[in-house]
There are 2 protein chains.
Amino acid sequence: MLSFIKRVLIGQPLKSTALGEQKLNKTKALAILSSDALSSVAYGPEQILLVLVTIGAAAFWYSVPIGVGILILLLALVLSYRQVIYAYPHGGGAYVVSKENLGVNAGLLAGGALLVDYILTVAVSISAGTDAITSAFPSLHPYNVLIACGLVVLITILNLRGLTESASILAYPVYLFVLAMFILIVVGLYQIAVGHVPPHLHEPLGTPVSGLTLFLLLKAFASGSSALTGVEAISNAIPNFKDPAPKNAAKTLAAMGLLLALLFSGIVWLAYYYGISPKAEETVVSQIASATFGRNLLYYVIQGITAMILVLAANTGYSAFPQLAVNLAKDKYIARMFTVRGDRLGYSNGILFLAVASILLIIVFKGRTEHLIPLYAVGVFIPFTLAQTGMLVKWFRERPPGWGIKLTINAVGALISFTVMMIFFITKFPQVWPALIFLPGIVFFFHKINKHYMDVGDQLRITTCEPSVPVEGNVMVIPVAGITHVVENTLNYAKSLHPEQIIAVYVAFEKEAEKQFEERWNQWHPEIRLVTLFSQYRSIIQPLTKFVDTVEHKAMESNYKVTVLIPQFIPKKRWHNALHNQSSFLIRAFLLYRRDLIVTTVPYHLKK
Amino acid sequence: MLSFIKRVLIGQPLKSTALGEQKLNKTKALAILSSDALSSVAYGPEQILLVLVTIGAAAFWYSVPIGVGILILLLALVLSYRQVIYAYPHGGGAYVVSKENLGVNAGLLAGGALLVDYILTVAVSISAGTDAITSAFPSLHPYNVLIACGLVVLITILNLRGLTESASILAYPVYLFVLAMFILIVVGLYQIAVGHVPPHLHEPLGTPVSGLTLFLLLKAFASGSSALTGVEAISNAIPNFKDPAPKNAAKTLAAMGLLLALLFSGIVWLAYYYGISPKAEETVVSQIASATFGRNLLYYVIQGITAMILVLAANTGYSAFPQLAVNLAKDKYIARMFTVRGDRLGYSNGILFLAVASILLIIVFKGRTEHLIPLYAVGVFIPFTLAQTGMLVKWFRERPPGWGIKLTINAVGALISFTVMMIFFITKFPQVWPALIFLPGIVFFFHKINKHYMDVGDQLRITTCEPSVPVEGNVMVIPVAGITHVVENTLNYAKSLHPEQIIAVYVAFEKEAEKQFEERWNQWHPEIRLVTLFSQYRSIIQPLTKFVDTVEHKAMESNYKVTVLIPQFIPKKRWHNALHNQSSFLIRAFLLYRRDLIVTTVPYHLKK
């Protein structure tokens with residue numbers, strides 16, 4: 001039943017050899033890996049204006065130079081990550097770059113920050129998309145959390161079905177969004193060119209503004225640069241590309257950079273020229289669309305597509321998180337299960353973990369994840385800074401041909417990223433401080449996990465340890481609850497193994513029952529030693545454990561192994577289990593974790 | 001940690017021999033077994049007036065003859081259950097009486113109705129009590145469900161601590177309630193006697209009323225008789241009494257009947273004489289108290305105590321449900337676990353089941369369980385009718401000395417109970433019809449469970465079956481995941497048992513790994529046969545199951561038993577388990593339930 005539902009939802013399992021078919025071509029990769037970055041043009045420019053509006057509308061023209069600054073940062077990031085892609089063609093991005101060039105802790109910091117960030121990406125963008133939907137249909141508003149969780153489940157199922165399949169479905173809305181934005185920008189620019197937009201709507205560039213401080217400008221710059229989150233996703237996901245993977249990834253990155261630059265500068269310019277002021281009840285993009293087209297069908301289409309892309313931005317997290325988790329798991333910093341490919345060849349444990357974590361975030365914050373955005377932005381610029389510093393160190397150490405230019409690019413990128421990160425910490429400390437606690441915590445936890453895996457490896461490896469003690473003989477203990485076929489079955493099995501000793505144990509709750517059972521047993525199987533234990537507190541496990549303890553103590557002296565054989569009858573139907581005390585299950589769980597003894601379950605299958 | 005919390009909440013475990021000390025004396029028994037019945041005087045009289053008010057205030061005097069009718073019914077029930085107590089001193093009440101005299105199905109119907117009823121008692125009375133509390137403190141109103149669930153948990157913990165302990169704590173409020181009601185009635189009657197209450201407030205008895213039908217009178221009678229729910233509780237719980245149990249129980253029943261009769265007639269009379277009309281926003285008892293004392297401290301104390309007794313009415317369910325469940329479980333109609341005594345000698349499984357079920361009801365109905373009341377009343381009068389009809393049949397069959405009077409008492413009781421039940425079905429069908437579906441469903445389910453237990457008994461009993469097939473030899477299959485100490489440990493153990501054959505099985509996901517492993521194995525343990533399986537779909541369980549299947553098939557031909565030995569390393573700390581794929585656990589669960597093979601877990605305990 002369960003497996004049928006699974007098949008319907010995620011499809012038939014794929015053979016391992018089908019892995020190549022699950023790789024992405026450039027068009028699909030661009031769609032699913034850049035939805036996060038591209039969608040941020042829907043809110044990035046607005047972030048700039050929101051800071052400038054605190055001074056007054058006269059300061060709005062500063063959005064243009066700030067926009068130019070962000071384009072430079074974007075260029076630096078794209079060029080830098082392009083170098084990362086070629087230098088580390090197996091993916092891993094900031095994590096691998098930082099680890100190899102700046103040391104393990106820097107790598108873990110970058111990796112941990114990105115892992116958390118992808119969870120935040122999913123929670124924040126799904127919540128934003130849900131808000132857009134329920135703003136259009138206010139009657140749905142009370143179901144915000146439910147809708148958001150439903151969307152997470154939907155995207156999770158798509159991703160569990162496999163990379164190519166989700167890419168095929170998700171590519172349309174992403175390209176539709178790009179197309180819609182281009183139409184908006186082209187029509188807007190055309191109207192400006194033919195003079196349909198009155199020039200008095202905006203202050204000319206260079207108008208002096210009183211009260212503007214460098215601090216505010218930097219804050220506006222930092223806020224706007226939140227549009228660049230998601231740029232690093234491609235460098236984490238290189239193994240998902242078709243061969244030649246690094247080349248395809250680099251081209252995809254360049255295409256994404258170009259698209260992002262065009263859309264971003266278009267929106268910033270239109271907002272400036274139309275003299276648009278940020279409003280609480282209407283987004284900047286909506287204002288631009290409304291001024292350009294009026295409130296006609298095209299306007300509503302653009303609004304709808306924008307809402308959709310916000311939801312799909314979550315998908316970037318679904319592509320990058322599992323891949324990053326694999327890299328961390330291969331280095332044994334997180335649980336090994338993240339390296340296992342699921343039925344459809346995706347890293348399904350990573351996908352499921354991401355889904356559960358983001359649903360929890362959505363539920364805990366009741367769908368109001370907006371104030372997680374600064375945390376999220378800081379979480380992106382920490383790995384940006386680390387990755388580019390790492391590349392800088394790499395070029396300085398290796399000095400390949402043309403290392404000067406490469407080093408300059410990464411140095412500029414590192415400097416700007418670091419500046420943005422510091423601005424975030426200085427200007428938004430009240431929202432950002434948790435990062436200072438949980439990031440070191442995560443790194444600490446990574447080390448704990450790593451130590452455990454190393455310890456286990458040491459203890460299991462054959463070459464490093466002394467030869468194991470041979471087993472000289474066996475003692476078998478059989479807890480019995482009555483004189484039944486289940487017990488008979490177990491006794492037969494035990495005898496067939498010819499152990500040195502077989503002991504049956506009976507736990508009695510009443511003195512009378514104890515005597516009675518002894519008599520019946522001696523008639524039934526006098527050749528097998530019976531030990532009866534009296535339990536004052538009606539517990540089976542306590543006296544049994546104590547007894548087995550004694551037996552084991554004695555057995556160890558002569559290198560004997562103690563095996564507890566548990567007679568268990570298996571009912572025909574699952575629900576019947578509820579009708580029987582699960583003593584055998586409890587006994588097994590208890591003994592196995594507490595003592596160094598072997599536990600055997602001897603089943604007796606009921607036929608009706 | 002968990003066990004520490006358990007100790008704090010419910011106390012140290014008690015020895016089985018302490019059972020006698022956990023029995024109830026009459027005073028305590030009256031308190032905890034009659035809280036349900038006594039608390040119903042807080043709403044019973046109001047139910048009568050609510051029906052009469054549909055005709056007009058002139059009809060209110062009919063509450064007096066209806067009250068007399070209910071007193072007669074009460075007398076019949078008390079006398080009848082008194083006879084039940086002596087005839088069935090081991091408890092079980094309606095279930096046992098009906099089963100023995102009217103057949104199994106009548107017994108199961110009575111038992112099932114009462115089981116459901118006790119769950120409803122808890123849900124309804126806790127919800128009513130919570131309403132009373134949040135009416136006093138309206139700011140708590142949004143937390144109604146939470147408070148109700150908290151109260152259930154509290155009463156559950158008290159009951160898990162043991163009968164005497166909960167009785168000691170709960171006796172005070174019950175007796176306080178009785179005292180408060182007596183003060184109210186005595187002061188009220190005194191004021192009437194000295195002429196402080198103007199006689200024009202009520203119509204004199206016998207005033208002709210137009211529009212009154214027999215149907216309405218019967219409906220008023222039925223509604224008022226909901227005050228009698230809980231009368232049967234004592235007959236179910238006789239084993240909880242100190243010796244001589246039946247005598248003590250009978251005396252307690254008589255005392256409860258007397259108290260209930262006095263309180264009920266007092267409230268009915270005062271309500272009539274004061275001319276009180278039922279209001280939506282104020283209870284009848286509150287109106288009487290307010291008219292008698294004015295709104296002074298005494299008034300608020302009475303209100304507070306009334307709220308408390310509504311909560312405590314739930315406790316009757318906690319005493320009667322587990323005891324009834326034991327009776328049903330001993331006859332194998334419900335799961336055996338209900339017969340197990342917990343650490344404090346109470347039937348803790350019954351107590352916990354009751355708590356979980358009533359919390360679910362409260363959550364599903366969001367604390368508004370009022371409209372479950374008719375269902376609940378019908379659920380009481382079905383066993384009333386069955387029990388008294390059963391007694392009637394018993395007297396007729398056995399004809400002991402004085403059987404004529406006994407038979408008459410039960411016949412009257414049966415007739416009235418049956419009438420009340422039919423009135424409920426006729427006048428409140430829209431609320432009561434679910435009983436017609438779920439009661440037969442429960443009886444059906446009881447039979448299903450009984451059949452299963454009978455089947456199991458047949459299959460396990462040694463005497464009835466053919467001798468079991470002897471085991472001629474053993475084949476041991478060891479799934480191996482690598483060349484480690486864990487595997488070595490398991491191999492040593494397997495060898496020490498000298499089975500006819502040992503086969504190691506390795507599941508490979510890649511062709512290369514398969515070959516490599518074979519080579520390494522043949523260097524390590526060439527004497528042990530290795531079978532490698534290639535898994536295209538990256539599943540371990542499927543190819544393994546298939547292989548084991550083949551092995552088993554062959555083994556069966558020569559009466560060999562197949563044992564799967566699972567090498568498992570046990571990490572030192574519990575959280576480490578999350579870092580390892582739980583393959584061994586899955587393999588075990590899968591094999592044990594599907595195949596007739598023996599599964600042994602060979603643990604290897606890690607030291608760090």
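Of the 151 residues that make up the largest nonpolar core, A:Ala110, A:Ala271, A:Ile288 and A:Ala325 touch the most other members. A nonpolar core is here a set of buried Ala, Val, Leu, Ile, Met, Phe, Trp, Tyr and Cys residues joined through C-beta atoms within 7 Å. A residue is buried if 20 or more other C-beta atoms lie within 10 Å of its own, exposed if 12 or fewer, and partly exposed in between, with C-beta atoms placed from the backbone. Helix 6 of chain A (residues 104-136) gives this core its largest share, 17 residues. Apart from this core lies another, of 149 residues, which includes B:Val96, B:Ile126, B:Val231 and B:Leu263.

The model is predicted; local features need pLDDT of at least 70 and side-chain atom pairs count only at pLDDT 80 or more, while totals for chains, interfaces and linings use all residues. Residues are numbered from 1 along each chain as its sequence is written, and chains are lettered from A and ligands numbered from 1 in the order in which they are written.

In the interface, 56 residues of chain A are in contact with 56 residues of chain B, contact being defined by C-beta atoms, placed from the backbone, within 7 Å. Helix 19 (434-460), helix 20 (485-496), strand 4 (560-570), helix 23 (583-594) and strand 5 (598-605) of chain A each supply at least two residues of the side that touches chain B. Helices (H or I, at least four residues) and strands (E, at least two) are DSSP runs, numbered from the N terminus.

A rotation of 180 degrees with 0.1 Å of shift along its axis superposes chain A on chain B, with an RMSD of 0.1 Å. This is the relation of a two-fold axis. In chain A, the C-alpha nearest the axis belongs to A:Thr600, 2.0 Å from it. Copies were superposed by least squares on the C-alpha atoms of residues with pLDDT of at least 70 in both. Because 100% of the interface residues of chain A are also interface residues in chain B, the copies meet through the same surface.

Strand 5 of chain A pairs with strand 5 of chain B in the antiparallel sense over three bridges; two strands pair if DSSP finds at least two bridges between them. A:Val599 stands opposite B:Thr601, and the bridge partner of A:Thr601 is B:Val599. Within chain A, strand 5 runs parallel to strand 4, joined to it by eight bridges. A:Ile570 stands opposite A:His605 of strand 5. Six of the eight residues of strand 5 of chain A are buried.

How values were computed. Two residues are in contact if their C-beta atoms, placed from the backbone, lie within 7 Å.
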